[in-house]
Amino acid sequence: MAEAGAGLLSRLARSAGAFGFRHGVHPPDSKGLTAHLPIRRMPYPDEVVLPLRQHAGKPARLAVRVGDHVERGDTIATADGFVSSPVHASASGTVADIDWWPHPDGSMATAVRIRVERYSAQVARPRLVPDWHGLSRDEVVRAVQDAGVVGLGGAAFPTHVKLAPPKDATVDTIIVNGAECEPYLTTDHRIMVEYAERVHFGVRIMMHALGVRRAIIGVERNKPDAIAALARALPPDLDVTVLPLTVKYPQGAEKMLIKSVLDREVPSGKLPASVGVVVQNVGSVATLAEVFETGLPLVERIVTVSGHGVRRPANLIVPVGTKTRDLLAFCGGRTEDAAEVLFGGPMMGVAQRDLDAPVLKGTTGVVVLTHDEVRDRRAFPCIHCGRCLDACPMFLNPSLLGDLAKAEQYEEMDAEHLGDCMLCGSCSYVCPSNIPLAQLFQASKTALRRRKAAGP
Amino acid sequence: MTRDSSRPLVVAASPHLRGRDSVPTIMWNVVGSLLPIVAAAAWFFGPSALLVVGASVAGAVGTERLFGRGGTIADGSAAITGILLGLTLPAGMPLWMVVLGGAFAIGFGKLIFGGLGYNIFNPALLGRAFLQAAFPVAITTWPAPAPHWWSLRGDNFALPLMRAGVPDVVTAATPLGRMKFEHQGTPLLDLALGTTNGSLGETAGLLILLCGGYLALRGYLNWRIPASILATVALLAGALHLADPARYGSAPFMLFSGGLMLGAVFMATDMVTAPVTNAGRWIFGAGVGALVIVIRVWGGLAEGVMYAILLMNALVPFVNRATQPRAFGTATAAAARVKGAP
């Protein structure tokens with residue numbers, strides 16, 4: 001009965017123009033720090049560091065040696081198989097060394113360090129990416145892979161793989177993800193405001209590559225200027241719509257977005273293609289257009305540098321591989337009470353322990369939180385208030401999962417759909433007992449993987 | 001730059017932001033919203049009310065301090081147990097019994113299970129059940145209104161093992177007792193305002209609703225549980241009243257008499273001992289409501305809220321299990337499995 005009621009409610013809400021999913025949380029969005037700031041270009045740093053692993057899938061294969069001279073846009077590592085992506089030099093210069101380097105995920109990873117040529121004009125070789133006109137679908141997919149385009153929304157899934165869905169799936173809709181529900185981040189917001197035409201051009205390329213006739217750009221209602229800019233630039237010959245969405249975290253999560261936009265539910269363990277959808281982040285769509293426009297592979301990206309712990313918040317175009325240290329220095333450095341430097345937003349972002357870690361293709365922003373914001377809070381036992389159940393967008397029972405995690409009953413957690421948890425952190429956010437639920441679930445996922453790999 | 005690198009970075013797991021509510025915020029808000037009810041009790045029952053609630057809190061908090069893990073008094077939950085227990089007792093109760101009840105509530109109702117969050121039964125109600133078993137006469141001695149506000153409503157300062165029986169306390173029946181044993185009603189306005197006889201905190205129904213409403217608005221109390229309890233009681237009582245108006249009280253009478261309001265709003269909603277799912281909360285409430293009617297109408301007692309809630313507390317694990325939310329994207333998978341089965 002509750003389910004039928006919910007279905008009716010969601011239909012009523014949709015007919016009233018409220019496109020959203022159920023559950024979720026409302027953290028303060030803190031986007032006012034940078035939402036109004038135009039995108040600026042950061043000068044080239046003295047050196048850039050390019051890890052070979054900056055996308056989902058197999059790491060790229062090294063293609064340069066120490067001492068080599070590279071021009072901006074040259075391939076320094078090639079894709080290793082289909083679910084992989086090449087890495088390109090983001091600045092002209094000399095390969096200074098190839099060694100382990102701090103990776104933003106907290107590990108060490110093989111990276112190419114390029115000493116940037118001081119007086120180079122940083123003009124790339126002419127057209128490394130072919131002209132789009134007249135390319136077949138397969139040629140587009142090939143060109144997108146060669147250009148090193150990956151998802152810029154955080155997960156860095158190779159874009160060309162999404163453009164070649166499994167043959168048995170029929171995709172009828174492309175959803176462009178302009179939700180940007182993470183607090184502080186305004187990268188996608190500024191892209192939609194300043195590069196609306198480019199977004200639509202990217203949509204056009206995707207529609208061509210996928211042979212899909214319908215595209216919907218979902219944008220949270222708190223970005224009216226972005227919605228207006230996209231609506232103004234709508235191409236007259238394509239079926240593209242801009243859909244304002246309810247403001248709620250995690251609106252930008254793939255499954256939530258599909259639910260909000262089309263009222264379709266992606267089955268547990270399946271990909272969006274199983275319900276006829278391909279989702280692409282709006283920044284990635286713009287980049288897709290950019291590589292074909294300029295002929296230059298993915299060598300730079302737009303990041304938001306924000307938070308009350310950084311002196312001059314900004315939206316910046318930076319070369320991929322720019323060290324966090326250089327980026328923060330350009331933004332006036334950290335304030336006295338700065339405490340935590342995050343890659344990504346405060347809900348799912350990764351805390352950095354080494355400011356030498358470079359900006360990757362998938363780095364949406366760098367947020368510096370202050371001591372007041374990250375103050376350690378006392379944890380209490382679970383009082384079964386049930387707030388996490390009302391927050392979980394995947395309709396799991398985090399309270400139960402948390403108890404199971406503490407008891408290390410990972411198989412039971414598996415049966416309680418731990419696999420569907422996307423670590424959005426909504427449960428931890430609302431928990432009045434300050435139980436680190438998301439952290440427990442991440443550790444449990446790892447432990448479960450190990451147990452499964454070890455075999456019965 | 002050099003200064004940048006000299007300062008240590010905080011490295012924590014995501015999410016890096018937390019909501020503003022914490023366990024102490026919730027608990028102290030509940031304490032705060034119980035205070036008007038304590039004040040009303042003092043207005044109706046004189047200084048005896050404050051003595052009883054004070055003794056109950058002292059017993060509960062003292063036990064938490066003595067046997068609890070360090071620093072657990074600050075979370076406010078022991079204070080809630082103490083106040084709630086005190087509000088379920090008659091004004092004339094000897095204080096040593098009340099202290100004992102508070103100690104039992106925390107010691108055997110909560111700490112023995114592992115402290116906050118681990119208990120199965122509502123501690124305050126367990127404390128009251130203990131007192132009812134141990135001192136059946138004292139807990140059902142309802143003093144009649146006293147001539148002066150300041151006069152004690154019973155022998156609050158009686159000592160253990162002394163013959164208590166104080167002859168000069170005039171007693172009077174509660175509305176539920178009058179209905180059950182004498183088939184006499186009580187004016188509804190008196191019930192709603194609280195100018196009737198009974199335990200300290202159960203008389204002022206409207207005030208309890210008001211305080212509960214505040215907590216529900218702030219999100220510190222789940223409204224589904226009281227709504228479900230009150231709706232079930234109203235429905236069943238209404239039906240019975242229609243069948244035999246002389247024998248059974250009307251729905252409003254049933255709602256506003258006895259400890260139902262206090263129990264439905266403040267005890268059944270105890271997060272630790274209530275279901276975590278919304279569907280479970282409706283079921284839990286309906287169960288409490290039905291049991292209240294069963295005990296009141298067919299049981300040997302005039303009042304049944306305490307046992308109704310305690311019985312449903314015991315069923316909470318099953319209710320939780322039976323009402324697990326359907327994980328996103330699993331209905332279709334289940335359907336596919338069924339389809340795929342031979």
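Helices here are DSSP runs of H or I with at least four residues, strands are runs of E with at least two, and both are numbered from the N terminus. This is a predicted model, in which local features need pLDDT of at least 70, side-chain atom pairs count only at pLDDT 80 or more, and totals for chains, interfaces and linings use all residues. Residues are numbered from 1 along each chain as its sequence is written, while chains are lettered from A and ligands numbered from 1 in the order in which they are written.

A:Leu423 has a phi near 60°, a positive value in a residue other than glycine. Most residues other than glycine have a negative phi, and most peptide bonds are trans. A:Leu423 counts as partly exposed because it has 18 C-beta neighbours inside 10 Å. For these labels, C-beta atoms are placed from the backbone; 20 or more others within 10 Å make a residue buried, 12 or fewer make it exposed, and anything in between is partly exposed. A:Glu180 also has a positive phi, near 40°, and sits in the loop between S9 and helix H4 (187–194) of chain A. With 31 other C-beta atoms within 10 Å, A:Glu180 is buried.

In chain A, four strands in the order S11-S10-S9-S12 form an open sheet with parallel pairing. Two strands count as paired if DSSP finds at least two bridges between them. At the edges are strand S11 (239–245) and S12 of chain A, each pairing on one side only. From one strand to the next, the twist averages 25°. Helix H8 (residues 282–294) of chain A packs on this sheet and touches S9, strand S10 (214–220) and S12 of chain A; the direction of the helix makes about 80° with that of S12(A). Axes are lines fitted to C-alpha atoms, for helices over the stretch in contact, and angles between N-to-C directions run from 0 to 180 degrees.

Now look at S12(A) itself. Strand S9 (residues 173–178) of chain A runs parallel to S12(A), and five bridges join the two. Across this pairing, A:Val176 stands opposite A:Gln280 of S12(A). In a regular strand the side chains alternate between the two faces of the sheet. On one side of S12(A), A:Val277, A:Val279 and A:Asn281 are buried, and so are A:Val278 and A:Gln280 on the other, leaving both faces covered. Because five of the five residues of this strand (residues 277–281) are buried, S12(A) is largely enclosed by the rest of the structure.

One more backbone detail links the two chains of our tour. A:Tyr249 and A:Pro250 are joined by a cis peptide bond with omega about -5°, and A:Pro250 falls in the loop between S11 and helix H7 (254–262) of chain A. In chain B, the bond from B:Ser14 to B:Pro15 is cis, with omega near -5°; B:Pro15 is in the loop between H1 and H2 of chain B.

Chain B has 15 helices and zero strands. Its C-alpha atoms fill a box of roughly 80 × 65 × 35 Å along the principal axes, and 52% of its 342 residues count as buried. The axes of helix H5 (residues 95–109) and helix H6 (residues 123–134) of chain B come within 8 Å and cross at roughly 130°. That angle makes H5(B) oblique to H6(B); under 35 degrees counts as roughly parallel, over 145 as roughly antiparallel, 65 to 115 as roughly perpendicular and the rest as oblique.

Finally, the chains meet. Their contact takes 37 residues from chain B and 57 residues from chain A, where two residues touch if their C-beta atoms, placed from the backbone, lie within 7 Å. On the side of chain B, the elements giving two or more residues are helix H1 (2–6), helix H2 (23–45) and helix H15 (330–340). H15(B) provides the largest share, three residues. By class, this side of chain B has 20 nonpolar, twelve polar and five charged residues. Ala, Val, Leu, Ile, Met, Phe, Trp, Tyr, Cys and Pro count as nonpolar, Asp, Glu, Lys and Arg as charged, and the others, Gly among them, as polar.
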